[in-house]
There are 2 protein chains.
Amino acid sequence: MEKMSSPPSMAAPWKQLLLSALETNKHIKHSRFIQLATVTPNGKPANRTVVFRGFFQGTDLIQINTDWRSSKIEDLKNCPFAEICWYFADSWEQFRLSGRIDIIDAAYPDLSKLKDREKSWYASSLNSRLQYLAPHPGLPRTLEEPAEGIDLDPLKGPVEAFCLLEFDAEKVDYLNLKTNERSVYTSELIGDGLKQWVVQKVHP
Amino acid sequence: MEKMSSPPSMAAPWKQLLLSALETNKHIKHSRFIQLATVTPNGKPANRTVVFRGFFQGTDLIQINTDWRSSKIEDLKNCPFAEICWYFADSWEQFRLSGRIDIIDAAYPDLSKLKDREKSWYASSLNSRLQYLAPHPGLPRTLEEPAEGIDLDPLKGPVEAFCLLEFDAEKVDYLNLKTNERSVYTSELIGDGLKQWVVQKVHP
């Protein structure tokens, strides 16, 4: 077992591995599609594809956009834990990132996080933004729906339903199917919310 | 809402949709890779890539091979529910299949299921089979490991660690990102373990 006692200002030791995989697989259009598992309020697993929107600037926190009305919000309010499964089809690498999610909605009490939410809104395409003005996801489609065009001012800030998720990894299980190598990165808090990472090679 | 009151001998209404997606995406080498979410004994979500091995003959039950020593077995013994997320990269279709998993290990009390396990073993490549003879997955790699070649008789039946999972869908959430259509298939038991499926179009 190797202790990674890098200074807290440095990136987590698995981050460079993930960025390399993203670089190697960037020609695949869905290489930023990840599967996010949560636990429903009745204790069952839920799993869906979401889009990796990058890391919060200068951190190891993963950004995901979502609709406040989607069922994953209900799941996360009940149980903040999530596991991301990220399979890179070209390099045959899998990352399983296990951690907690912070929901940054319109009522979030921290101004700098609200700024992040705004930034992520403006970084989205107009088409993506329009989804948050569409009818409630998961509710029945009625036959008589007005096919009205929704107008969206490109300069207008995030709508109520737009939500930013901040995923904070606590453990990362990395598997390389080409080399048949597997490493598990685990973290422990060393005070002030800072993490120390430990990496261990395990059997695949 | 449309009731699908097909005779019980017929396939579930979502099965043809899934088979079509498999056909459309068959040129993609990882189109049979799916993400399986479970709940760990401490109530957290877990998520990993597994391989779809087909449907059990004449049924809607999905086959997955796994190692009895992997952590998903512990998860499933504690909570038999799972959700499969299956994203088809070429046709932009997502299936979220929610249901229960039956673990068919060497000690399974039903002979016909043990036959299925045996069939699935022989249907696997020799390389795949060798994995089940490898050291315990997830345990630390030691420095002094003998690099011995393991001999496997191709005619020999399944080893102890080889396990067949039988996934029985109770709900299927289908999303087509090209047409922006989403349908939810839910089932109810109508006696004798038979299911009736209901399909509803919902907002994506």
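In which helix of chain B do B:Lys115 and B:Glu118 both lie, and how many residues apart are they? Both belong to helix α3 (residues 111–123) of chain B, three residues apart, or about one turn of the helix.

The views show a predicted model, in which local features need pLDDT of at least 70 and side-chain atom pairs count only at pLDDT 80 or more, whereas totals for chains, interfaces and linings use all residues. Residues are numbered from 1 along each chain as its sequence is written, chains are lettered from A and ligands numbered from 1 in the order in which they are written, and side-chain values use heavy atoms, with hydrogens and water left out.

View 1. B:Lys115 is exposed, with a relative accessible area of 52%, and B:Glu118 is partly exposed at 32% (buried means under 20% relative accessible area, exposed over 50%, and partly exposed in between, with a 1.4 Å probe and protein chains only). Helices (H or I, at least four residues) and strands (E, at least two) are DSSP runs, numbered from the N terminus.

**View 2. Two salt bridges of chain A.** A:Lys115 forms a salt bridge with A:Glu118, with 3.6 Å between the closest N and O atoms; both residues lie in helix α3 (residues 111–123) of chain A. The pair A:Asp168 and A:Lys195 forms another salt bridge, its closest N and O atoms being 2.5 Å apart. This second pair links distant parts of the chain, as A:Asp168 is in strand β7 (residues 162–176) of chain A and A:Lys195 in strand β9 (residues 195–202) of chain A, 27 residues apart. A:Asp168 is partly exposed, at 28% relative accessible area, as is A:Lys195, at 22%. Over all chains, the structure holds 19 salt bridges.

**View 3. The enclosed strand β5 of chain B.** Strand β2 (residues 33–39) of chain B pairs with β5(B) in the antiparallel sense over three bridges (two strands pair if DSSP finds at least two bridges between them). B:Gln35 has B:Cys85 as its bridge partner in β5(B).

**View 4. Strand β6 of chain B and its two antiparallel partners.** In strand β6 (residues 93–104) of chain B, 10 of the 12 residues are buried. Strand β5 (residues 81–88) of chain B pairs with β6(B) in the antiparallel sense over eight bridges. B:Trp86 stands opposite B:Phe95, and B:Phe88 has B:Glu93 as its bridge partner. The two strands form a hairpin with four residues between them, and B:Trp92 in the turn has a positive phi of about 55°. β6(B) also pairs with strand β7 (residues 162–176) of chain B, in the antiparallel sense over 12 bridges, and there B:Asp173 is the bridge partner of B:Arg96.

Notes: A salt bridge is a side-chain nitrogen of Lys or Arg within 4 Å of a carboxyl oxygen of Asp or Glu.
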